[in-house]
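Here is a short briefing to read alongside the model. Have the viewer open and follow along, topic by topic.

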Amino acid sequence: MFDAIEKLKEYIGYQSVSADSAYKEGMGQTRDFVAKMLGDLGLSVEIVNTPKHPIVMARRTGDPSWPHVVIYGHYDVQPVDPIELWETKPFEATIKGDRIYGRGAADNKGPQMAHIAAVAELLEECPDLPLRITFLIEGEEEVGSPSLLPLLEERKEELSEADFVLLSDTLSPSEDQIAVTVGLRGIVDMEVELVGPKSDLHSGLHGGAVYNPLQAMAEICASLHTPDNRVNVPGFYDDVTEVEEWERDELKELGADMDAYAASVGVDALHPIAGYTPFEAIRYMPTLEFNGLWGGYTGEGSKTIVPAKASVKITCRLVGNMKPDVVGKQVADAILSRVPKGLKAKVKMGHKGVPYLVVPPDRPNTPAGQSEVLANAYRATEAAVTDVFGKKPLFLREGGSIPIIADVKRVTGLDSVMIGLFLPEDNLHAPNESMSLEVLKKGIQVSKRILKSVAGV
Ligand code: BES
Ligand code: MN
């Protein structure tokens, strides 16, 4: 018997921080754990080496007439800092009440386990299940999936003949209201350095004579939004597209207790983009965010200098037809055009992701040629969530990004069925990450029913 909770505890125990090379050994152990777990289910496992962290592929082959589902997940997790805020050890799974705590519990080891456990149980119950399955579990999602696109291109033929991708790496509003995610925002990442004097200068000797890079950086950053919280970059909104009426209706059904939302993130007022509710802004609008801003002296006490440099990390979330390269250039050009004389700017582009949208069956804008297997998978998902969680799911866009989902669509033509199995209280990317065990158990049931229905049994 496959024990999903025991397996998840073990999985969380492996230290798989993809961003930090100090975790190289943990990444290797995690990959081996995933490979063995899938191998033990009777799947044939392939470890695809990449320049950084290998991809685990595991296949259940079968008759070419059987439907074929690709199950996606990532075995890497975010760094654990600030470690002092964790109440339990991040890499030692701890169960408290109905929750399992640890880095990756929610993003993505727990939700992914729902599908692995579903396959394990199904294959035990029906060894002859007429379904082909390919697991695609990568180790670089949290660093922008640099190796997955080349793999997709290399395995294009094999993957293109699958029917759809199934995954759980997105949010649901609550255990009582599960979401099927039908949109992800794209992303473009960049870092800008402003360089002024040849070294830090004594501010008493030089202050007032040279342009302070931190001052210039603050002025440039402040210029990138208008007071109504729109992005002040020429052309930025050109490729935003209209949102369908049925999508707005789904979001309305979610309701919007903005005081509760503000309280949940610990602020006493919200600052949504003018003309949009906060929940609309998160899902329907692009943003430009400052992720980090630094320069000069930040140690204890004071130091009277004009610093030599200042830096900022920026990410933009994209929607509609926005293209990461185009937006990256628009933002870089806007910044460069605002650099005052006496300073030089260097812009370094980072990872990118294209926005993704999928339309479920039976909507006014469902593509005419949508595959029957995909349409059935969506209908089965709706029925399974309704039965298992006791309420019909909402089909919602999400504000987060999983860049590979749009790449999969572009390279292989496959759409994705994304069932949200983490919740707002799960502390993704933050200290004390956790997942509800009830959601995990119900997620396994949902996944089993979808897979059975796709297999036609
Ligand atoms: N699981 C998240 C994506 C996500 C978060 C989807 C919230 C929906 C709601 C994923 O692991 C993630 O964090 N992705 C990064 C992508 C980036 C590193 C390219 C993100 O969204 O910041
Ligand atoms: Mn994730």
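The buried residues of helix H12 pack against strands S7 (164-167), S8 (179-184), S16 (394-397) and S17 (416-419) and against helix H14 (437-455). Here contact means heavy atoms within 4.5 Å, and buried means under 20% relative accessible area, exposed over 50% and partly exposed in between, with a 1.4 Å probe and protein chains only. Helices (H or I, at least four residues) and strands (E, at least two) are DSSP runs, numbered from the N terminus.

This is a predicted model: local features need pLDDT of at least 70, side-chain atom pairs count only at pLDDT 80 or more, and totals for chains, interfaces and linings use all residues. Residues are numbered from 1 along each chain as its sequence is written, chains are lettered from A and ligands numbered from 1 in the order in which they are written, and side-chain values use heavy atoms, leaving out hydrogens and water.

**Helix H12**
- The buried residues of H12 are Leu374, Ala375, Ala377, Tyr378, Ala380, Thr381, Ala384, Val385, Val388 and Phe389.
- H12 has 18 residues (372-389) and should span 26 Å at 1.5 Å a residue, which agrees with the 25 Å between its end C-alpha atoms; the expected span is 1.5 Å times one less than the number of residues.
- Gly390 follows H12 and has a positive phi, near 85 degrees.

**Backbone points to check**
- The peptide bond from Asp81 to Pro82 is cis, with omega near -5 degrees, and Pro82 is in the loop between strand S3 (68-74) and strand S4 (94-96).
- Another cis peptide bond joins Asp107 and Asn108, with omega about 15 degrees; Asn108 is found in helix H3 (residues 105-125).
- Asp362 is not a glycine, yet its phi is positive, about 65 degrees; Asp362 sits in the loop between strand S15 (356-357) and H12 and is exposed, with a relative accessible area of 60%.
- Asn427 is not a glycine either and has a positive phi of about 60 degrees; Asn427 lies in the loop between S17 and strand S18 (434-436) and is partly exposed at 32% relative accessible area.

**Around ligand 1**
- Among the 15 residues around ligand 1, Glu141, Asp169, Arg317, Ser401 and His429 come nearest; a residue counts as near if one of its heavy atoms lies within 4 Å.
- A polar side-chain atom of Glu141 lies 2.7 Å from an oxygen atom of ligand 1, and one of Arg317 lies 2.8 Å from an oxygen atom of ligand 1.
- Taken alone, ligand 1 exposes 520 Å², and the protein buries 88% of that; these areas come from the Shrake-Rupley method with a 1.4 Å probe.

Note on methods: Polar contact = N/O pair within 3.5 Å; in protein donor to acceptor, adjacent residues only side chain to side chain.
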